[in-house]
Amino acid sequence: MIPLSYYLVLSGALFAIGTAGVFLRRNIITLLLSVEIMLNAVNLTFVAFGRQQGVVDGQIITFFVMTVAAAEAAVGLGLVIALFRGRESLNPEAFTALKW
Amino acid sequence: MGTSAFDAVIPVICVTLAGLVVLLAESFRKKQERMPLGGLALIGLIGAVIACVLLWDRNATSFGMVTADNYALFVNLIILTVGILTVVFSQHTVERDGLPAGEYYALLLFAIVGMMLMVQATDLLLVFLALETMSIAVYVLTGIRFNDARGTEAAFKYFLLGAFASAFLLYGIAFLFGVTGTTSLDGIGTVVAAQSMSGNPMILAAIALLIVGFGFKVGVVPFHQWSPDAYEGAPALVTGFMSTGVKAAAMAAFARIFLSSLEPMITDWAPVLWGVAAITMILGTVVGVAQTNLKRMLAYSSIAHAGYLLVGIVAGNEVGKAAILFYLAAYALTNVAGFAIIGLLGTKAAPNDDLRDYAGLWHTHPALAGLMTIVLLSLGGFPPTAGFIAKWYIFSAAVGSGYYWLAIIGFLSSVVSVFFYLRIVVMMFMTERDARPVPLPVAASAMAGLAVTVAAILYLGILPSRVIDLAAASISTVF
């Protein structure tokens with residue numbers, strides 16, 4: 001059986017990759033993807049802890065998180081379309097109507 | 001009447017049904033047909049208020065993860081009041097600015113559902129789900145003027161940072177689940193109290209991640225960057241709603257988690273929150289002074305107010321807990337009224353939210369200028385307004401727990417903040433504008449709502465003891 005720490009390190013790395021993506025990438029769709037990676041890193045953590053403790057709670061929570069992530073993605077992509085119509089650009093630096 | 005399994009969620013059900021009815025009514029509406037959608041929303045909200053009052057002192061629980069203790073009901077009444085006032089103020093503006101009425105009211109109601117559940121939740125999973133219900137609705141409300149470049153940009157920034165923050169919050173919940181094997185607040189509290197967890201890196205990581213997640217939602221430094229942009233880009237009435245409702249709900253859940261389940265770890269998290277509260281109060285005030293846009297200025301003012309609220313959590317004593325509730329009530333009334341005045345004076349084409357636009361307001365709208373003065377004095381913490389009493393209680397709680405420096409920093413920053421509130425008052429009354437604009441007509445219902453709100457601000461400022469006793473009594477049963 002693979003020890004818990006392997007899962008935790010993997011999910012920590014995924015979470016860090018997602019966080020770095022939000023700060024470093026220069027395309028708003030990639031920013032959305034980075035947030036999704038963060039949420040999936042958390043899902044992995046929940047499943048790993050659930051298995052370690054022998055309860056199904058961790059896996060049940062994952063379903064809720066996936067639902068929330070889907071709803072969030074829908075709103076996020078809708079906003080991206082509204083933004084793109086106005087500026088014809090996906091670079092976050094093009095959106096400067098408000099001081100960052 | 002026997003207690004049924006659904007008792008604790010009756011207020012939430014009222015608001016949810018109203019939201020669904022509004023959505024259905026909108027989809028069956030013929031073009032050009034007028035429908036009293038705001039009235040439908042008001043019915044649901046008032047029903048929820050009645051349900052909250054009837055549930056008082058009953059300590060109902062549902063499904064093992066929703067509670068209707070007096071603490072939750074107190075905060076829910078604040079949130080519902082904010083909702084009712086927002087609907088009353090919106091009636092006229094939604095029509096004037098051509099906002100999609102059905103979507104507007106439905107999203108408003110669903111956001112309120114999320115807020116109420118977040119306060120009532122006694123399970124971290126439900127806290128997360130309620131937070132998302134609230135947040136997703138508010139993201140869309142922020143960008144409800146979808147042809148407006150500033151509105152969509154604000155909505156996207158708010159959305160991106162909000163989603164980012166909820167990932168942090170969820171990661172924190174995952175670690176707490178890993179350490180304690182449960183997501184229920186009572187269960188976590190039992191495990192944390194039974195074992196000494198001080199050196200456990202996993203629980204410290206969980207606490208740090210929860211502080212980041214809630215810090216974003218409440219808008220404290222250094223997680224505040226989204227709030228001036230979101231507050232400026234959103235329609236003013238939505239700003240008033242989200243600066244009070246979202247903050248009240250997030251703060252109440254934050255206080256519930258940290259002062260009940262994680263109370264045994266107070267020596268670990270109190271110093272962190274001390275620092276966050278101090279920087280938040282200072283930065284919110286200092287940057288606020290430099291703003292030239294009234295909405296941005298009030299955004300920084302609300303950041304500073306989040307700092308004062310954190311002082312109550314850091315103090316963590318009985319006075320502090322009651323003070324948080326009183327502060328939320330006072331702040332909610334004041335900020336809703338302030339942003340409502342901005343919303344009534346500005347249209348989509350001419351937002352009129354620059355400080356200069358308020359010069360000589362006394363000559364065009366004497367009543368609004370008078371009401372705005374009281375609102376600004378309350379935000380600044382002048383007697384005899386609600387803001388003064390609220391700050392007084394927060395600072396005396398800090399002194400009571402021995403946090404003298406925090407009280408001093410809070411006092412000094414509120415003295416500095418008086419400068420920027422008074423500057424607007426002086427502009428409204430003392431300066432003249434060369435080209436006086438044609439005064440916008442203001443709906444009578446909105447004026448009546450504003451007058452009632454301002455009367456309530458003065459009532460809380462002059463005779464606060466009833467509400468303070470209620471706040472103290474409602475919190476003493478919980479933690």
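**View 1. Confidence along chain A.** Among the elements of chain A, the lowest mean pLDDT belongs to helix 3 (residues 57–87) of chain A, at 92, and the highest to helix 1 (residues 4–24) of chain A, at 95. Here pLDDT is the predictor's confidence in each residue, from 0 to 100, and helices (H or I, at least four residues) and strands (E, at least two) are DSSP runs, numbered from the N terminus. Chain A as a whole averages a pLDDT of 90, with 96% of the residues scoring at least 70. This is a predicted model, in which local features need pLDDT of at least 70 and side-chain atom pairs count only at pLDDT 80 or more, while totals for chains, interfaces and linings use all residues. Residues are numbered from 1 along each chain as its sequence is written, chains are lettered from A and ligands numbered from 1 in the order in which they are written, and side-chain values use heavy atoms, with hydrogens and water left out.

**View 2. Where chain B meets chain A.** The contact (heavy atoms within 4.5 Å) takes in 41 residues of chain A and 38 of chain B. About 3500 Å² is buried between the two chains, and carbon and sulfur atoms give 82% of that; buried area is the accessible area (1.4 Å probe) that two parts lose on being put together, summed over both. On the chain B side, Phe156(B), Tyr171(B) and Phe177(B) lose the most area to chain A, together 18% of what that side buries.

**View 3. The chain B side of the interface.** What holds polar atoms together here? The rule finds 2 residue pairs in polar contact across the interface, both at pLDDT 80 or more. A polar contact is a pair of N or O atoms within 3.5 Å; within protein, one must be able to donate a hydrogen and the other to accept it, and residues adjacent in sequence count only if both atoms are side-chain atoms. Salt bridges between the chains come to 0. Helix 5 (124–142), helix 6 (149–180) and helix 9 (226–233) of chain B each give two or more residues to this side, and helix 6 of chain B gives the most, with 23 residues.

**View 4. A salt bridge between Arg256(B) and Asp69(B).** These two side chains meet at 3.1 Å, N to O; a salt bridge is a side-chain nitrogen of Lys or Arg within 4 Å of a carboxyl oxygen of Asp or Glu. Arg256(B) sits in helix 10 (residues 236–261) of chain B and Asp69(B) in the loop between strand 2 (66–68) and helix 3 (70–97) of chain B, so the pair ties together parts 187 residues apart in sequence. Arg256(B) is buried, at 5% relative accessible area, and Asp69(B) is buried too, at 7%. Buried means under 20% relative accessible area, exposed over 50%, partly exposed in between (1.4 Å probe, protein chains only).

**View 5. Lys321(B) and Glu318(B) in helix 13 of chain B.** Their side chains form a salt bridge at 3.9 Å, N to O. The two are 3 residues apart in helix 13 (residues 318–345) of chain B, which means about one helical turn separates them. Lys321(B) is buried at 4%, whereas Glu318(B) is partly exposed at 46%.
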